[in-house]
Amino acid sequence: MEIPQTLHKRIESCADHVFQGLIPNWVNHGFTETGYSLESLTLDWQPNPVGRVRLLTQCRQLYSLSHATKLGVISGYDAQISKLFNAIIELYFVDDRWIFSRNDDMNILDTQSDAYALAFVMLSFSHYFMLTQDERALTFIERTDQFLDQKMRHPNGGFYEAFPLNEQTVRRQNPHMHLLEGFVAAFEATQAEKYAARIIEICSLAEKYFVDPKTYTLREFFNADLSLDAKTGHLVEPGHHFEWVWLLHQTYRITGRKQDLELAKQLWQVATKHGMSANGGIANSIDGNTFQIVDADKRIWPITEYLKACCVVKLDEQERCDRLENALEFLQTYYFIDRGRWIEYLDANNQSKGFPLPGTTGYHIFLGLAEVLKWRDS
């Protein structure tokens, strides 16, 4: 079917907000002379020191700039991308492994190697390589994968949260989801079969442990043996459902595992039924046993993940268009403000909670819109 003109206009308007507003303004105001990104900016695009500058933030910025440039939705940032890549290596690769953060003065703050952050090294360096063909990126992708494999594997499946290892830490599905994203990108960049094997391994963990077989809810917090954590094992984030829906469609293209598409369908059905708020947007969390909303506030990233899921899940095309138009309208009405700025947090009544601009959020907003453009142009 032909895409309605109203949806066309909505897509163009949102894309302009991101590619002519958000990204240029972050580059102009959020990057330092030495090439790294600040952790946070105020709503006036001013520096907002928070006491730490994370590897994660640098990698999300590198990913967004690299992927957006490769897609052709932005241009003219090659020098900034190169400076950022070099700064990441110089600042965060210490004693043969990645550290978590530096302080506002850029002195080393936290020397842990964090699985969640390593996932974004894999993702960002893969896209940087696909853009630039800089072989150094492949070397660091390989070294990061080896570190995960040799130092951070958990005997009960999956990976530890961080190195040095801590047996007492509550385990999470979230780092595994992003490692899956990183391994998908590493496979696309290298075509190495070992990354396809890593993909299958994490998808199997989701089927066996992360998704409750009775409710088809994606659980967040686990014990060492991947049984549910007693205090927090009931919590479910609809935004992560949508993130997995999109990811499982990416893994299917690589592995051909039909069970990935089946799992994506189940996760979609639960999140659209129980995670969408009556007054628009997506609740932060629900109870996986009762389906009742636990946290009715609405961060921006879940609705951008919903956009991605809408673009890939099997739907009647009229329903897909309706869902996309409603979501983009909600984004524009309640989250997007002028000059590429955004509201990070809404309360249950869709009122802004006055949060500054995190350096990690642009990754979600960029990819949500990029996937909508890809769907529109396919």
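The report below takes the cavity and pockets, then the backbone, then a sheet.

This is a predicted model: local features need pLDDT of at least 70, side-chain atom pairs count only at pLDDT 80 or more, and totals for chains, interfaces and linings use all residues. Residues are numbered from 1 along each chain as its sequence is written, and side-chain values use heavy atoms, with hydrogens and water left out.

**Spaces**

Rolling a probe the size of a water molecule over the atoms shows where empty space is left. Here a 1 Å grid over the protein atoms alone is used; a cavity is a set of points where a 1.4 Å probe fits but cannot get out. A pocket is an open set with protein on both sides within 12 Å along at least five of seven lines. Lining residues have an atom within 4 Å of a point. Points are joined across faces, edges and corners, and a volume is the space filled by probe spheres set on the points.

| Space | Volume | Lining |
|---|---|---|
| Largest cavity | About 130 Å³ | 17 residues |
| Largest pocket | About 710 Å³ | 29 residues |
| Second largest pocket | About 370 Å³ | 20 residues |

The whole structure holds one cavity of 30 Å³ or more. Leu22, Ile23, Gln61, Ser64 and Gly362 lie nearest the centre of the largest cavity. Helices (H or I, at least four residues) and strands (E, at least two) are DSSP runs, numbered from the N terminus. Helix H1 (5-30), helix H2 (55-71) and helix H12 (362-377) each supply at least two residues of the cavity lining. H1 gives the largest share, five residues. For residue classes, Ala, Val, Leu, Ile, Met, Phe, Trp, Tyr, Cys and Pro count as nonpolar, Asp, Glu, Lys and Arg as charged, and the others, Gly among them, as polar. The lining of the largest cavity has 11 nonpolar, five polar and one charged residue.

Which residues lie nearest the centre of the largest pocket? They are Arg54, Leu56, Tyr116, Arg299 and Thr360. Two or more lining residues come from each of H2, helix H4 (115-132), helix H6 (174-190) and helix H8 (238-255). The lining of the largest pocket divides into 10 nonpolar, eight polar and 11 charged residues.

In the second largest pocket, His67, Trp246, Leu367, Glu371 and Lys374 are the closest to the centre. H2, H4, H6, H8 and H12 each supply at least two residues of its lining. H12 gives the most, with six residues. By class, the lining of the second largest pocket has 11 nonpolar, three polar and six charged residues.

**Backbone**

The peptide bond from Phe163 to Pro164 is cis, with omega near 5°. Pro164 sits in the loop between strand S8 (162-163) and strand S9 (171-172).

Gln133 is not a glycine, yet has a positive phi of about 60°. Gln133 lies in the loop between H4 and helix H5 (135-151). Asn350 also has a positive phi, near 65°. Its place is the loop between strand S15 (345-346) and strand S16 (357-358).

Are these residues buried or exposed? Buried means under 20% relative accessible area, exposed over 50%, partly exposed in between (1.4 Å probe, protein chains only). Gln133 is at 49%, so it counts as partly exposed. Asn350 is at 7%, so it counts as buried.

**Sheet**

An open sheet of three strands runs in the order S11-S12-S13, with antiparallel pairing. Strand S11 (235-236) and strand S13 (293-295) stand at the edges with a single partner strand each, so one side of each is left without a neighbour in the sheet. Two strands pair if DSSP finds at least two bridges between them. Two bridges join S11 to strand S12 (residues 285-287). Leu235 stands opposite Asp287 in S12.
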